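This briefing is meant to be read with the sequence and the model side by side.

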Amino acid sequence: MTETINRITDMANASDFELKHTPNIEITGSDDNATIRVSMGLQGIAHPQTEEHYIEWIRVLCDGTEIGRMDFAPSEAPVAEFKLDCSGKVVVAQALCNLHGIWEAQA
Ligand SMILES: [Fe+2]
């Protein structure tokens with residue numbers, strides 16, 4: 001089964017629903033020794049983290065290969081940090097909302 005991957009297609013007209021489900025990617029450090037920090041929501045619009053509605057996991061992929069994943073309980077803040085060595089590769093972060101599926105952003 002292939003899961004649908006949701007993305008914002010029109011950033012200028014993105015809804016709050018789209019913004020809060022989109023991973024926010026920050027990369028610091030040099031190309032060969034970088035850290036990637038992924039939190040939830042663009043433009044300061046945070047996703048809920050409650051028993052009923054929460055982010056189950058965040059993962060990072062380089063050229064389509066998963067390099068790290070963190071799982072979250074409803075009581076945990078959905079922030080993930082990984083070491084990154086993806087020089088010249090496409091870096092993508094994905095997050096799974098228990099109600100609204102997988103959402104993706106490219107670094
Ligand atoms: Fe959600």
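How many residues does the largest nonpolar core have, and which of them have the most contacts inside it? In this predicted model, the largest nonpolar core has 16 residues, and those with the most contacts inside it are Val38, Ile55, Ile58, Ala93, Ala95 and Cys97. The elements that each give two or more residues to this core are strand 3 (33-40), strand 4 (55-62), strand 6 (80-84) and strand 7 (91-97), and strand 7 gives the most, with five residues.

**Overall fold**

- The secondary structure of the protein chain comes to one helix and eight strands, and from the N terminus on these elements follow the order β-α-β-β-β-β-β-β-β.
- The radius of gyration of the protein chain is 13 Å, which agrees with the value near 13 Å that a compact globule of 107 residues would have.
- Taken along the principal axes, the box filled by the C-alpha atoms of the protein chain is roughly 40 × 35 × 30 Å.
- Of the 107 residues in the protein chain, 23% are buried.
- Among contacts in the protein chain with a separation of 6 or more, 52% are between residues 24 or more positions apart.

- Five strands form an open sheet in the order 1-8-7-4-5, and the pairing is mixed.
- Strand 1 (5-6) and strand 5 (65-71) stand at the edges of this sheet, and because each has a single partner strand, one side of each is left without a neighbour in the sheet.
- Strand 4 and strand 7 pair in the antiparallel sense over seven bridges; within this pairing, Val60 has Ala93 of strand 7 as its bridge partner, and Ile55 stands opposite Cys97 of strand 7.
- Strand 4 is also joined to strand 5 by six bridges, again in an antiparallel arrangement, and the bridge partner of Ile58 in strand 5 is Met70.
- The hairpin of strand 4 and strand 5 has two residues between the strands, and in this hairpin Asp63 takes a positive phi near 45 degrees.

**Where the core and the sheet meet**

- Ala95, one of the residues with the most contacts inside the core, is in contact with Pro23, Met40, Ile55, Ile58 and Trp103 when its neighbours within four places in sequence are left aside.
- Ile55 and Cys97, which stand opposite each other in the sheet, are both among the core residues with the most contacts.
- As background, nonpolar side chains tend to be buried together in soluble globular proteins.

Technical notes: Residues are numbered from 1 along each chain as its sequence is written. This is a predicted model: local features need pLDDT of at least 70, side-chain atom pairs count only at pLDDT 80 or more; totals for chains, interfaces and linings use all residues. A nonpolar core is a set of buried Ala, Val, Leu, Ile, Met, Phe, Trp, Tyr and Cys residues joined through C-beta atoms within 7 Å. A residue is buried if 20 or more other C-beta atoms lie within 10 Å of its own, exposed if 12 or fewer, and partly exposed in between; C-beta atoms are placed from the backbone. Helices (H or I, at least four residues) and strands (E, at least two) are DSSP runs, numbered from the N terminus. Two residues are in contact if their C-beta atoms, placed from the backbone, lie within 7 Å. The radius of gyration is taken over C-alpha atoms; the globule rule is 2.2 Å times the number of residues to the power 0.38. Two strands pair if DSSP finds at least two bridges between them.
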